[in-house]
Amino acid sequence: MIQITSPFWKRYQDLVKKEMLPYQWKVLNDAIQIRIEKERDDDEIPNEKSHAIENFRIAAGESSGEHYGWVFQDSDVYKWLEAAAYALRRDPDEELKKTADSVVDLIAKAQEPDGYIGTYFTIMEPDRKFKRLSESHELYCAGHLMEACVAYYEAVKSRKALQIAEKLAGCIDGHFGPEEGKIHGADGHEEVEIGLMRLYHLTGEEKYEKLAQYFLSIRGTDPDFLKKQNEMDGKPPLIKGVKSAPPAYFQMHLPVSKQDTAEGHAVRVVYLFTALADLAASTGDRELSDACRRLWRNITDKRMYITGGIGSTVRGEAFTLDYDLPNDTMYCETCASVGLIFLARQMLRIEPDGEYADVMERALYNTALAGMALDGKHFFYVNPLEAVPEKSRKDPGKSHVKCVRPQWLGCACCPPNLARLLMSLEDYIYTVKDSVILANLFIRSELTLEAEGGRIEIRQETEYPKEGEVRFHINNQSEHPVTLGIRVPGWTEGQGVSLSSQGDEVLDSRREKGYWYVQAGKGETDVTLKLKMEPKRWHANPLVSSDINKTALSMGPFVYCLEEADNGKDLHCLVLPKDAELRYEWKEELLCGVGTIQADGLRLMPSDPHGGLYCGKETGKPVPQKLSFIPYYAWANRGENEMRVWIHET
Ligand code: FUB
Ligand code: ZN
């Protein structure tokens with residue numbers, strides 16, 4: 001059990017509990033007047049209403065009408081339920097439990113006798129179940145339902161929720177597998193593999209692990225599986241935009257263990273490898289863990305933004321190629337960074353390497369947090385590193401780059417995904433394996449572990465991310481010593497870092513792969529980590545054409561950006577001289593309290609007073625300008641305005 005007491009994260013968790021969950025519940029019930037925006041200009045996007053709960057009512061026979069929304073609309077409800085489950089795990093709440101129970105009842109009623117659930121198919125096309133897996137998202141939704149049911153069972157011991165999930169898994173097992181007569185293929189969107197693994201961890205039933213393993217091993221063995229299925233189906237597509245996507249879009253171009261580069265739809269890639277890493281960690285299979293490592297290397301060395309965003313193009317919401325990281329047309333979907341965090345967590349179960357937690361922290365404090373406004377009721381789907389409102393309005397190639405978070409989105413996958421992540425943040429702070437406890441994230445919290453031989457408590461005291469000192473108070477009441485591995489963040493390279501245990505410096509030799517190890521025998525042990533927090537400049541590999549001669553700033557885990565509200569328009573004209581001092585200043589009243597970075601910079605003014613495009617002289621006349629940077633996650637909370645992360649450096 002772990003309880004977060006960090007003021008920074010408590011604010012977020014309270015926001016999810018008090019604002020996001022009730023707000024999202026109203027949206028799912030169409031009980032609130034809001035503007036639902038399309039995530040990009042695309043006629044196919046349904047954006048009149050959510051209708052998600054109503055779809056279930058119709059499928060359950062409580063109401064009549066047609067299904068509305070994406071074919072995967074059900075997953076919005078499942079993710080909401082999962083987030084509610086974590087909220088209930090944290091604090092009992094009769095009202096919320098009543099609502100969540102009613103959702104479980106409704107889902108149970110919509111579940112068909114053979115265990116099948118999918119409101120679109122139940123209502124609209126019952127004869128088409130599992131016949132169009134490229135677009136149907138049936139197993140994607142199933143995976144989300146399994147995750148929600150497991151979380152809900154764990155939170156309130158709901159047998160009903162668990163039965164729904166088990167019945168559904170049974171139904172899927174009846175349709176998919178190597179046996180003759182079953183479908184020999186996988187869903188176009190991974191997720192069921194994650195859900196099945198969670199069901200396996202909860203119940204210990206090997207059949208669920210086996211089914212997850214089946215989906216992971218069949219994927220990509222026949223790259224044309226989906227195409228052939230579509231031809232057999234012969235009916236109009238369920239999602240036009242996906243119909244002619246190539247196998248790589250679905251990670252079906254190669255068997256999964258042979259995929260060395262991240263290809264296709266970014267969320268799908270990280271969900272796929274989250275499940276694979278889970279399976280690798282659970283079985284100890286070397287081949288699988290090597291595949292996960294290779295994929296991880298490709299993403300984090302060559303295809304990830306400094307903000308922890310992934311997905312370089314809107315076309316297919318996808319990865320493109322190594323070092324292709326455009327800042328103003330990218331996708332960087334919130335869900336993709338949430339998925340990257342899931343993946344990092346599973347990689348840590350494979351092996352202790354601080355790099356995984358570094359990426360987890362990068363994605364969490366930057367892209368994931370940017371996914372929602374400070375009010376908890378507005379959300380980004382796409383997280384640009386450079387945005388100019390006028391360009392987003394007038395350039396059709398940038399319709400997905402929004403400068404203000406919408407109240408809701410036609411495809412609402414991101415808001416509830418963020419809700420479930422933030423509400424379960426407790427699960428990411430530590431990784432426990434036998435007698436080793438890895439402290440991955442620095443979050444003021446209290447952990448109680450019932451270990452073999454007795455209880456272990458760890459109290460983390462820290463003002464992080466505001467300050468860099470972290471004190472661990474370990475109370476080991478067990479008979480055995482425990483080893484605490486404390487992460488030394490990658491961003492401290494070149495900055496001061498020290499660790500002491502019971503007042504004595506811990507030797508450098510106890511550092512390995514990003515963790516600093518201390519032993520805690522029976523009784524109490526106090527360990528203090530000191531990280532020097534100061535503003536830092538970053539430079540990208542010159543192969544990243546978009547970032548050449550530019551710098552990005554950070555302070556602790558936060559990546560910074562310039563915003564028009566503080567610096568005026570035309571942010572691309574601003575320059576940070578190489579020798580400019582970076583001054584950190586905490587502003588309590590700004591954006592719910594943020595640390596700003598101030599610097600003496602320059603603004604390039606046009607040399608031609610008539611505004612002509614080209615001239616033979618210097619490109620612009622530099623005039624002094626004070627620059628003020630804010631943490632990236634907090635941008636777009638002061639109305640529509642320009643923003644940029646990478647800034648010119650001279
Ligand atoms: O396809 C289901 C979800 O919708 C994906 O994960 C997101 O990228 C969005 O396309
Ligand atoms: Zn999303």
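Predicted model: local features only at pLDDT ≥ 70, side-chain atom pairs only at ≥ 80, totals over all residues.

Author: Local features need pLDDT of at least 70, side-chain atom pairs count only at pLDDT 80 or more, and totals for chains, interfaces and linings use all residues. Residues are numbered from 1 along each chain as its sequence is written, chains are lettered from A and ligands numbered from 1 in the order in which they are written, and side-chain values use heavy atoms, with hydrogens and water left out.

Reader: Which three residues supply 77% of the area that domain 1 buries against domain 2?

Author: The domain assignment, automatic or from a database, gives domain 1 as 430-531 and domain 2 as 536-649. On the side of domain 1, more of the buried area comes from this trio than from any other three residues. They are Pro465, Lys466 and Trp491.

Reader: What is the geometry of the site of the zinc ion (ligand 2)?

Author: Its protein donors, meaning N, O and S atoms within 2.8 Å of the metal (3.2 Å for Na, K and Ca), are Glu333 (OE), Cys335 (SG), Cys413 (SG) and Cys414 (SG), lying 2.1 to 2.3 Å from the zinc ion. Four donors count as tetrahedral if all angles lie between 85 and 135 degrees. With angles of 95 to 118 degrees among the 4 donor atoms, the site is tetrahedral.

Key:
Buried area = accessible area lost by both parts, 1.4 Å probe. Tetrahedral: all angles 85-135°; square planar, octahedral: opposite > 155°, others 65-115°.
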